Amino acid sequence: MLVGDAARQVNPLSGGGIASGMIGGKIAGMIAAEAIKMNKLDHILSYDKAWADRLGKRHETFNRVKEGIYNFSDEKFNNIAHSFNKILMKKNAWQIIYNCTN
C-alpha cells in the first residue's frame, strides 16, 4: 500500500498533502491490521477503494478545478485578479473568505 506523495494523494489544486497522506496512512494501517486479523493478506487490495471512498471525490473535484484554471488565458487571470482586488478594497479579505466557505 502506498500513501502520501508516493500514492499521488497530494491535493491537485494546492499541492498540499500532509492531511491526505495521514488519512491514507490511517486507512492503510487499519486495512493491514484487518488483513492480519482475518489472515487474508489479499485484503490489502481493498486499500485503494477505501481511500477513494474517503477522499477520492474531493481529490477529483480539486483536479477538475485545477484543469479548468490551467485553461484560463492570461487575460482571464488578470480580469479575475482585478475584480478580486476591487472587492478587497471594499471589504475585509477575511470576510470574503469566510463568506465563500460558509
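## Overall fold

The chain has 4 helices and 0 strands. Going along the sequence, that gives the pattern α-α-α-α. Keep in mind that this is a predicted model.

How much of the chain is buried? Buried residues account for 18% of the 102 residues. The chain exposes about 8100 Å², and 59% of that area is supplied by carbon and sulfur atoms. As for contacts between residues at least 6 apart in sequence, 48% of them join residues at least 24 apart.

## The core

Which residues make up the largest nonpolar core? Six of them: I27, A28, I31, Y47, W51 and L55. Two helices, α1 (18–38) and α2 (47–70), each supply at least two residues of this core.

Leaving aside residues up to four places away in sequence, Y47 touches M1, L2, V3, Q9, G24, I27, A28 and I31. Among these partners are I27, A28 and I31, which belong to the largest nonpolar core along with Y47 itself. The list also takes in M1, L2 and V3.

## A greasy patch outside

Now for the surface. M1, I44 and L45 form a nonpolar patch there, and together they have about 300 Å² of accessible area.

I44 sits in the loop between α1 and α2.

Most residues other than glycine have a negative phi. Two residues in this chain go the other way. R8, not a glycine, has a positive phi of about 60°. You'll find R8 in the segment before α1. With a relative accessible area of 70%, R8 is exposed.

The other one is N39, also not a glycine, with a positive phi near 55°. Where is N39 placed? In the loop between α1 and α2, which is also where I44 is found. N39 counts as exposed because its relative accessibility is 68%, and the cut-off for exposed is over 50%.

How values were computed
Residues are numbered from 1 along each chain as its sequence is written. This is a predicted model: local features need pLDDT of at least 70, side-chain atom pairs count only at pLDDT 80 or more; totals for chains, interfaces and linings use all residues. Side-chain values use heavy atoms; hydrogens and water are left out. A nonpolar core is a set of buried Ala, Val, Leu, Ile, Met, Phe, Trp, Tyr and Cys residues joined through side-chain atoms within 4.5 Å. Buried means under 20% relative accessible area, exposed over 50%, partly exposed in between (1.4 Å probe, protein chains only). Contact means heavy atoms within 4.5 Å. Patches are made of residues with over 30% relative accessible area and no salt bridge: like charges are joined within 9 Å, nonpolar side chains (Val, Leu, Ile, Met, Phe, Trp, Tyr) within 5 Å. Accessible areas come from the Shrake-Rupley method with a 1.4 Å probe; for residues, only the protein chains shown count as cover. A salt bridge is a side-chain nitrogen of Lys or Arg within 4 Å of a carboxyl oxygen of Asp or Glu.
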